[in-house]
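Subject: Structure handover

Hello,

Please find the structure below. My notes on what was found in it follow.

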Amino acid sequence: MPSSGDAASRRPHVVLIPSAGMGHLVPFGRLAVALSSGHGCDVSLVTVLPTVSTAESKHLEALFDAFPAVRRLDFELAPFDASEFPGADPFFLRFEAMRRSAPLLGPLLTDAGASALATDIALTSVVIPVAKEQGLPCHILFTASAAMLSLCAYFPTYLDANAGRGGVGDVDIPGVYRIPKASIPQALHDPNHLFTRQFVANGRSLTSAAGILVNTFDALEPEAVTALQQGKVASGFPPVFAVGPLLLASNQAKDPANYMEWLDAQPARSVVYVSFGSRKAVSGEQLRELAAGLEASGHRFLWVVKSTVVDRDDAAELGELLGEGFLERVEKRGLVTKAWVEQEEVLKHEAVGLFVSHCGWNSVTEAATSGVPVLALPRFGDQRVNSGVVARAGLGVWVDSWSWEGEEGVIGAEEISEKVKAVMGDEALRRKAANLGEAAAKAVAGGGSSHHCLAEFARLC
Ligand code: UDP
Ligand code: UDP
């Protein structure tokens with residue numbers, strides 16, 4: 001804690017410790033800006049270079065350029081031998097490398113003069129002990145849904161109660177709802193998976209955190225937020241601050257694909273925006289079904305295609321990926337790009353009428369912010385849990401029988417085309433999504449629930 005009594009030194013200094021991947025870095029950047037520009041905090045953002053993906057390094061560069069008040073705190077990791085985990089996802093490997101280096105954070109925090117920490121969920125169990133040694137309160141930023149937070153908090157109890165009874169089945173979360181077996185992230189069915197080990201260790205240590213911030217808002221996840229705040233999910237749970245949707249902080253796009261100009265030329269709500277996030281490849285076969293489905297739907301579309309897990313590896317040609325003649329046939333009504341697009345701006349554009357999304361949590365919060373209906377096409381991890389949130393909240397439609405990664409079969413072109421047509425024509429859904437957009441704006445405005453939660457949090461720092 002600051003030692004001298006003058007006003008400047010009493011300003012809280014929050015050190016934010018994100019893990020890897022845009023899904024984690026984006027909400028941390030947004031939190032950094034919200035705390036530093038709106039809540040009177042000094043903020044430092046722990047940065048590990050080189051980043052796993054190019055998108056992350058560009059994002060960091062743009063953030064520090066646009067917000068010089070956010071300080072960069074370079075963190076050098078200890079050497080890490082990834083050969084212990086052959087074939088593991090590069091982002092999970094970075095989580096592990098950061099987890100093993102956590103004790104090195106101590107001196108960094110002392111030198112920075114931190115008054116509080118907020119760390120990523122993936123680092124929870126290893127950062128809390130470091131914060132304790134430093135006498136600092138350690139908060140968690142949960143970058144996914146409150147439903148997923150409740151699963152993370154309850155899963156260790158579920159495993160203990162089910163020990164020896166076979167694999168993971170439906171998980172009935174107290175006070176929330178039942179997450180069906182088919183929606184549980186793939187990795188969690190394997191107790192020895194690197195992700196599962198981290199997830200369980202972090203879930204067990206959540207009760208030792210000083211507080212938990214979650215990037216959601218009351219109207220989007222009423223059951224889960226209330227159950228967590230009332231301590232129904234796990235006993236002795238710390239305060240939960242629903243502070244979302246965290247809003248756009250910086251813009252890294254140079255727009256090489258001219259997508260904004262293209263959108264400007266399209267009629268209102270006529271465009272289907274299609275994106276599967278920043279960190280997971282969609283299989284070649286599924287890409288071609290999607291292409292055919294979009295073509296058959298007859299609608300205009302803006303499609304961001306990604307064919308590798310890490311963007312640096314992505315050298316494939318669009319024409320090859322999507323099948324012969326596709327790009328030429330749809331030239332008049334489709335824009336397809338492999339470039340980075342500034343998604344939040346795309347979703348805000350009045351030409352966009354539907355978001356076909358993998359339902360990474362940031363994408364869901366961005367759709368909610370813009371009031372754009374979602375057609376959910378989850379692929380892996382927490383995305384089916386998030387798709388369930390989308391459907392419950394009336395933000396969009398999810399066909400829960402559609403396959404995802406690790407299951408047999410692909411979603412066929414005809415099914416995709418029929419659903420796109422149906423959702424584009426669904427006026428009631430459009431209204432519900434728009435209402436949710438209004439609720440999101442109210443939540444983050446002065447006097448709103450999320451604004452209030454963030455102010456409460458800042459007071460604890
Ligand atoms: N994103 C973007 N442009 C792209 C791809 C992704 O701006 O071309 C952003 C997107 O808006 C979101 C983040 O990257 O903020 C991805 O996070 P999300 O949780 O949606 O999915 P993930 O990439 O972690 O699967
Ligand atoms: N997560 C978690 N505990 C952990 C690590 C991750 O609850 O120890 C959550 C994370 O917030 C996300 C989900 O598990 O909801 C999947 O994590 P991943 O890093 O794959 O998310 P992504 O990078 O796709 O956003």
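Two residues are taken to be in contact if their C-beta atoms, placed from the backbone, lie within 7 Å. This is a predicted model, in which local features need pLDDT of at least 70, side-chain atom pairs count only at pLDDT 80 or more, and totals for chains, interfaces and linings use all residues. Residues are numbered from 1 along each chain as its sequence is written, while chains are lettered from A and ligands numbered from 1 in the order in which they are written.

Domains

The protein is divided into domain 1 (13-249 + 443-460) and domain 2 (258-440); these bounds come from an automatic or database domain assignment. Taken over C-alpha atoms, the centres of domain 1 and domain 2 are 26 Å apart. Contacts link 33 residues of domain 1 with 29 residues of domain 2. On the side of domain 1 that touches domain 2, two or more residues come from each of α1, α2 (54-66), α3, α6 and α17 (427-444). Helices (H or I, at least four residues) and strands (E, at least two) are DSSP runs, numbered from the N terminus. The most, four residues, is given to that side by α1. By class, that side of domain 1 has 21 nonpolar, 10 polar and two charged residues. Here Ala, Val, Leu, Ile, Met, Phe, Trp, Tyr, Cys and Pro count as nonpolar, Asp, Glu, Lys and Arg as charged, and the others, Gly among them, as polar.

Ligands

A residue is near a ligand if its C-beta atom, placed from the backbone, lies within 6 Å of it. Ligand 1 is surrounded by 20 residues, of which Gly23, Gly277, Gln343, Gly360 and Ser363 are the closest. Two or more residues of this shell come from each of α1, α13 (343-348) and α14 (361-370), and α14 has the largest share, with four residues. The shell around ligand 1 divides into six nonpolar, nine polar and five charged residues.

Around ligand 2 there are 17 residues, and Gly23, Ala144, Cys152, Asn202 and Asp382 come nearest. At least two residues of this shell are supplied by each of α1 (22-38), α6 (146-162) and α7 (194-205), with α7 giving the most, three residues. The shell around ligand 2 has seven nonpolar, eight polar and two charged residues. Domain 1 and domain 2 each give at least three residues to the shell around ligand 1, and each gives at least three to the shell around ligand 2.

Helix α3 (residues 90-101) has 12 residues and reaches 17 Å from its first C-alpha to its last, close to the 16 Å expected (1.5 Å times one less than the number of residues). Its buried residues are Phe91, Arg94, Phe95, Glu96, Met98 and Arg99. A residue is buried if 20 or more other C-beta atoms lie within 10 Å of its own, exposed if 12 or fewer, and partly exposed in between, with C-beta atoms placed from the backbone. The buried residues of α3 pack against α5 (124-134) and α7.

In α5, Thr124, Val126, Val127, Ile128, Val130 and Ala131 are buried. Their cover includes β1 (13-17), α3, α4 (105-112), β4 (116-120), β5 (138-142) and α7. After α5 comes Gly135, with a positive phi near 70°. Leaving out residues up to four places away in sequence, Val127 touches Ile17, Ala102, Leu105, Leu117, Thr119 and Cys138.

Regards
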